[in-house]
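Here are some notes for a colleague who is opening this structure for the first time. Please read them with the sequence and the model side by side.

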Amino acid sequence: MGYLTVKTVEEVNGILANFRIKRQVEKVKIFEGLNRELAEDVYAPISLPPFNRSAVDGYCVNWEDVAGASESLPIFLKVVGNIEMGQKPKGQLEREQAMVVATGSMLPEGANAVVMVEETERLAEDEVAIYSSVACYENVLVEGEDVKKGELVLAKGTKLTPENISLLAALGITEVEVFQKIQVGILSTGDELVEVGEEAKLGQIYNSNGPGLIAAVSSCGAIPRYYGIIEDDFNVLKESLEKAVKECQLVILTGGTSIGTKDYVVKAIDGIGKPGVLVHGIAIKPGKPTIIGAIDSTPIFGLSGNPFSALLGFRLFVQKLLAPSKEIFVKGKVARNIPSTGGRQDYIPVTIVKKEDGLWLNPLFSKSNSIGVLSKMDGLLVIEAASEGLEAGQIGKVMLKEGINDDLFK
Ligand SMILES: Nc1nc2c(c(=O)[nH]1)N[C@H]1C(S)=C(S)[C@@H](COP(=O)(O)OP(=O)(O)OC[C@H]3O[C@@H](n4cnc5c(N)ncnc54)[C@H](O)[C@@H]3O)O[C@H]1N2
Ligand code: MOO
């Protein structure tokens, strides 16, 4: 596998599309199900509503008994009882009878409409005047009109939202099978790194990729498992990678992707199993030496150690597997000429200014090692590989930074 056989982003996306991460299944209580992905089809065990219910406060009747009733020509019915909320009606409703119902009460056999209380007058304990006619099933929530027993209500793969959880509860379902969250191993490589909180001596730098990637993984709904800083030693790296591959369903390494004497990531991946390294070198800037491989069904990403490249590699490739279609793009005019080397997709940090004539994009100075600029930017301007840059005033496409209020730019 040669480093110089650089693949295009489209080719890489084609490879990623064939990845199938092994997902375990677990049962969770619906109270804990928010944002989890169903691992089973859910069929309705009961209908909704489960029985005919009144939609209003009033009197349940047989609609034919009150046909033609009006203010000037009321129809008188015999009141034979009250239906309490949550109670099964005692007996059925005979013709020319009425029962008092509340919004949500179960209707008795024989009742097929409800007259609202304001269209009636109670004349005596056992008599009510009805001043308005009703159609069949008027003011009735009919059994099964919302969901039919046996119907497929939520398909496997559906993400549980508050609405879905409410539906499961309405159906009396307390637990569902969901996919376990994907566990993502994160390994930082580099002898120059120290963990934040420790003392960085001259020549050393803080490991910023580790915490950044932990956060990026969490924001995709996966579980980060951090394996710390791995020294630049082939055997140590191989051992640590092997452990992470065993314990996780996806692994990310940063650093050691280039072709320096201590860049062991390619060798380590190829050394622990098949298919091994599939990509080494992608036509993007920054992030050219990005590595993608797999051991059985566990994808492994070797992201460049450079912080900008590492986080870009995460968003472009790792995120495709963990949380596809999370990206939000906007278009705007570039404020200055922006040259770009053709043949590589170029990502340029920009701030976005909203003016009367639309959005304007101001490029920010950056290198692949930049990190301060990533917090200042609003997003990354994408210059396609076929383009050699954009002239001031030309339209460009920006991938918005995560968490930015995209309403500002609509
Ligand atoms: N002779 C060549 N040298 C390099 C090439 C090349 O084609 N030929 N490519 C350059 C490019 S482009 C990139 S990108 C880098 C890739 O470097 P590595 O992935 O091997 O990463 P390192 O060398 O370990 O580190 C690069 C840079 O990033 C800093 N770093 C590393 N890890 C972290 C971390 N966890 N937190 C913060 N910063 C980190 C590291 O100190 C270096 O400054 O290779 C070029 N070289
Ligand atoms: O490809 Mo590298 O990430 O530009 O420095």
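Predicted model: local features only at pLDDT ≥ 70, side-chain atom pairs only at ≥ 80, totals over all residues.

1. Residues are numbered from 1 along each chain as its sequence is written, and chains are lettered from A and ligands numbered from 1 in the order in which they are written.

2. Helix H4 (residues 234-247) packs against helix H5 (residues 265-272) at an angle of about 55°, and their axes are 9 Å apart. H4 and H5 are therefore oblique to each other (angles under 35 degrees count as roughly parallel, over 145 as roughly antiparallel, 65 to 115 as roughly perpendicular and the rest as oblique).

3. On the H4 side the contact is made by Phe234, Leu237, Lys238, Leu241, Glu242 and Val245, and on the H5 side by Lys267, Ala268, Gly271 and Ile272, where contact is counted if C-beta atoms, placed from the backbone, lie within 7 Å.

4. Of the 5 residues of strand E26 (residues 379-383), 4 are buried, that is, each has 20 or more other C-beta atoms within 10 Å of its own, with C-beta atoms placed from the backbone.

5. E26 pairs in the antiparallel sense with strand E24 (residues 345-355) over 5 bridges (DSSP must find at least two bridges for strands to pair), and isoleucine 348 stands opposite leucine 381 in E26. E26 also pairs in the antiparallel sense with strand E28 (residues 395-400), over 4 bridges, with valine 382 opposite lysine 397 in E28.

How values were computed: Axes fitted to C-alpha atoms, helices over the stretch in contact; angles between N-to-C directions. Helix = DSSP H or I, 4+ residues; strand = E, 2+ residues; numbered from the N terminus. Contact = placed C-beta atoms within 7 Å. Buried ≥ 20, exposed ≤ 12 C-beta atoms within 10 Å, placed from the backbone.
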